[in-house]
Amino acid sequence: MHVYADRSCRNAGYMLDWNDLRSVAEVVRSGSLAAAARRLGVHATTVARRIQAAEDALGCTLFLRKGKSLHLTSSGASIMDALGPLLDTLDEVTRRVGHADAPFRVATTENTARILAERALPLLLAAPQPIDLEILAGNAVVDLARGDVDLAVRVIEPDDPALIRKRIGTVRYGLYASREYLETQPKPRLQGGMKGHRLLMPGGELAQGPEAKWLREHAYRARIVFRSSSLVALALAAEQDAGLVVLPTNLALFHTRLQRLHALNEIPGRSVWLVMHGARRRETRLREVAKIVEESIRSALEASEKV
């Protein structure tokens with residue numbers, strides 16, 4: 001958001017309202033009235049009215065309006081810098097009061113969701129005070145700072161200094177096929193392009209991933225019979241004797257009909273990170289959930305080394 005110079009603020013004698021300041025902050029964070037309104041669950045005209053109320057109370061202009069666009073003034077930027085920590089604290093208080101009984105939300109990949117359902121959920125249910133868990137599986141962008149989720153499990157280390165991250169293991173890769181498929185085909189060698197074999201190929205957003213790259217380099221003479229942007233779908237196809245597949249070992253852990261033919265150590269392992277917002281590090285219940293999530297994923301990664 002651009003910042004424009006303007007006159008300094010002066011106290012106009014009106015009482016500042018938390019909802020007005022929160023609306024100003026959300027417009028800065030979201031970038032528009034409409035986006036801020038969606039985040040706050042109100043109409044855009046309500047956000048506009050609250051901004052005007054904040055400007056009246058402060059005695060200065062916070063935004064310059066150009067059509068539907070809002071541009072933060074220098075006074076507005078100065079105020080937001082000063083109020084930032086307070087607004088974050090008030091947001092946290094509101095979140096705790098309004099969502100004390102809400103489930104803990106964890107953003108994960110599709111496969112990590114399976115690990116948590118199998119390994120973490122029984123531990124959470126057995127806790128002295130049962131903990132409800134909601135898993136957001138997939139690759140959707142979530143914002144820990146805004147409270148979209150409480151924890152995130154990622155294979156790319158975040159660079160936001162406000163986030164706490166802990167490395168909890170490494171994902172490795174292997175070449176797999178079903179035992180039944182191997183009864184009709186010779187064991188594939190890592191040289192020669194795997195001529196005569198059928199191949200299950202990552203597609204879509206996975207087409208540039210490490211699994212697809214390795215197959216393009218080493219299985220260029222195999223016949224591609226199936227493509228999918230879902231590693232789970234590729235694993236299921238391999239269990240139906242469809243052909244060879246490259247999988248993360250922690251995903252193959254769930255597909256017991258598959259046999260690992262080669263450990264693909266030439267594919268660099270991917271670190272797994274557990275991430276939370278630094279402002280929440282003192283929350284006892286969140287730390288309990290984080291510990292169970294960490295132990296569940298770590299144990300699955302260790303077990304997958306044997307698959």
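At what angle do helix α1 and helix α2 pack, and how far apart are their axes? Before the answer, a word on the model. This is a predicted model, in which local features need pLDDT of at least 70 and side-chain atom pairs count only at pLDDT 80 or more, while totals for chains, interfaces and linings use all residues. Residues are numbered from 1 along each chain as its sequence is written, and side-chain values use heavy atoms, with hydrogens and water left out.

Now the answer. Helix α1, residues 18-30, and helix α2, residues 33-40, pack at about 120°, with axes 8 Å apart. Helices here are DSSP runs of H or I with at least four residues, strands are runs of E with at least two, and both are numbered from the N terminus. Axes are lines fitted to C-alpha atoms, for helices over the stretch in contact, and angles run from 0 to 180 degrees between N-to-C directions. That angle makes α1 oblique to α2; under 35 degrees counts as roughly parallel, over 145 as roughly antiparallel, 65 to 115 as roughly perpendicular, and the rest as oblique.

The α1 side of this contact consists of Arg 22, Ser 23, Glu 26, Val 27 and Ser 30, and the α2 side of Leu 33, Ala 35, Ala 36, Arg 39 and Leu 40. Contact means heavy atoms within 4.5 Å.

Next, helix α3, residues 44-58. Its angle with α1 is about 110°, again with axes 8 Å apart, and α1 and α3 are therefore roughly perpendicular. From α1 the contact takes Asn 19, Asp 20, Ser 23, Val 24 and Val 27; from α3 it takes Val 47, Arg 50, Ile 51, Ala 53 and Ala 54.

Back to α2. Ala 35, Ala 36, Ala 37 and Leu 40 are its buried residues, where buried means under 20% relative accessible area, exposed over 50%, and partly exposed in between, with a 1.4 Å probe and protein chains only. Their cover includes α1 and α3. Just after α2, Gly 41 has a positive phi of about 75°.

Last, a sheet. Three strands form an open antiparallel sheet in the order β11-β8-β12. β11 (245-248) and β12 (258-263) are at the edges with a single partner strand each, so one side of each has no neighbour in the sheet. Strands pair if DSSP finds at least two bridges between them; β8, residues 173-178, and β12 have 5. Ser 178 stands opposite Leu 258 of β12. Helix α7, residues 210-218, packs on the sheet and touches β8 and β11. Helix α8, residues 231-239, also packs there, touching β8, β11 and β12.
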